[in-house]
Amino acid sequence: EKENLQKLRYVMTDVTKMLEKFLVSEEINNDDYLHSLLLAKAYRRLRLGKQQLSGILDCYKIIEDSSRRDARYYLNRYIIDVEQFNNSNYLPGFDKNEVLQDILNNLDAFYLTEKLKCICEVINTKNIMQVEYNTQLFEEIIAYLGNRSLEDIPALNVYYCVLKTLIDLNNDDYYKKLMQLLAEHHSIFSTYELDDLYSFARNYCIRKINNQQKHYINELFELYLVLLDNELIFKGKYLSQWDYKNLVIIGSRLERFEWVENFMESFKAKLNPEARENAYVFNKAAYHFIRKNYNKTIELLQKVQYTESRYHLDTKVLLMKSFYELNDIVPLFSMIESFKVLIKRNKQLSESYKKSYNNFVRMLKKLVRLKLGSKTAPAKLYADINKEDIVGEVTWLREKINEFEKVSN
């Protein structure tokens, strides 16, 4: 039996290797550019210059016939340029100096676009999480790009606009230019990369909303509708639970309640099964909170599973707001204190997020005291909020303070 088991293992190893070769072969056959490139390399090894030239020209044709002009386009151009340059002795009719210039241009375009893309990801990630990266050459590249025209490389131009929206919230021109470029050049990117780029645009709108630029709420909602209608928002076949949440919240804030109810039900099945029920229940709770059904909100939140840190924290925030609205002061104060401990112990949260949550509970505590009869003027609390550069749930806090102002008037 041991001998037969060993033979079976050998057979399985051989079968696995054959399967791997088949999978690689299928990948090559499904990629016309890679197929032509490898064929050109094979002809080079055989010293078949005419056939090699045909393969190289096929590569160029495949690249240029595609609408894609992202970083990968310039990488593919660079690779075939190098193949052409290194074998120019066997490929008559080419100017070696001209090919070398193409190599430099395409290498620069690929490197700068890909590097800038990474810079944007790093800045965006550091705004959310407490993580450090080696940012070698970041400043030099940003300074270089700021002193040259980028119109001839639309992909690079797009990511430069993304960068500016990340580091300069007060200049709307770059956001407007980003939206214009994405509308004009959407076909140069893959669907996945296009969704990532629109994510940067959505995040910009959210930051503007948090900065009291309320007209960006409608801007964000319309942006989401475009992505939804064109199915750009899907990750594979699933809708992200966070995009689902944002659409529910934004639609509710704009009082598009019928649309929100239809959306929650009809798109529930399009969520990833692993997160589906949690996302559905939490967002239904958030929807009922906006509709002022606070008891229903609390009932639904009790069913949310803390599978992720964001659900845990956001559920606690929504519970605290519900307790406030229901005048349940004792459980509210208790939750405020436990929430501060929860934030302190969370090692994954960036300092920015911690500050946002801490400022929220600090202002909420002052708001509760105001509700209990504190002599502090509502205007003083409003001023305290405005002194901080980042406060979670700032729109809701301001709305609650304004309610005191209306009563006193």
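**Questions on helices, loops and contacts**

Visitor: Leaving aside its neighbours within four places in sequence, which residues is His35 in contact with?
Guide: Residues here are numbered from 1 along each chain as its sequence is written, and side-chain values use heavy atoms, with hydrogens and water left out. This is a predicted model, in which local features need pLDDT of at least 70 and side-chain atom pairs count only at pLDDT 80 or more, while totals for chains, interfaces and linings use all residues. Contact means heavy atoms within 4.5 Å. Once neighbours up to four places away in sequence are set aside, the contacts of His35 are Ile28 and Asn29.

Visitor: Where does His35 lie, and what is its relative accessible area?
Guide: His35 belongs to helix α2, residues 32-45, where helices (H or I, at least four residues) and strands (E, at least two) are DSSP runs numbered from the N terminus. Residues count as buried under 20% relative accessible area, exposed over 50% and partly exposed in between, with a 1.4 Å probe and protein chains only. His35 therefore counts as partly exposed, in helix α2, at 36%.

Visitor: How are α13 and α14 oriented, parallel or antiparallel?
Guide: The axes of α13 (residues 276-290) and α14 (residues 294-301) come within 8 Å and cross at roughly 165°, where axes are lines fitted to C-alpha atoms, for helices over the stretch in contact, and angles run from 0 to 180 degrees between N-to-C directions. Angles under 35 degrees count as roughly parallel, over 145 as roughly antiparallel, 65 to 115 as roughly perpendicular and the rest as oblique. The crossing angle therefore makes α13 and α14 roughly antiparallel.

Visitor: What is the span of α15 from its first C-alpha to its last?
Guide: Helix α15 covers residues 309-325 and has 17 residues, and the expected span of a helix is 1.5 Å times one less than its number of residues. For α15 the expected value is 24 Å, and the model comes close to it, reaching 25 Å.

Visitor: How many of the 17 residues of α15 are buried?
Guide: Helix α15 is largely enclosed by the rest of the structure. That description holds because the number of its 17 residues that are buried is 14.

Visitor: Which residues of α16 meet α15?
Guide: The axes of α15 and α16 (residues 329-345) come within 9 Å and cross at roughly 160°, so the two helices are roughly antiparallel to each other. On the α15 side, the residues taking part include His312, Lys316 and Phe323. Across from them, the residues of α16 are Pro331, Leu332, Met335, Ile336, Phe339 and Leu342.

Visitor: Is Lys400 buried or exposed?
Guide: Lys400 is found in helix α19, residues 394-408, and, not counting residues up to four places away in sequence, it touches Tyr324, Glu325 and Leu367. Its relative accessibility is 5%, and Lys400 therefore counts as buried.

Visitor: In which loop does Glu231 lie, and what is its phi?
Guide: Most residues other than glycine have a negative phi. Glu231 is exposed, with a relative accessible area of 57%, and lies in the loop between α10 (215-229) and β1 (234-235). Although Glu231 is not a glycine, its phi is positive, at about 55°.

Visitor: What is phi of Glu255 near?
Guide: Glu255 lies in the loop between α11 (241-253) and α12 (257-266), and with a relative accessible area of 61% it is exposed. Its phi is positive in a residue other than glycine, near 60°.
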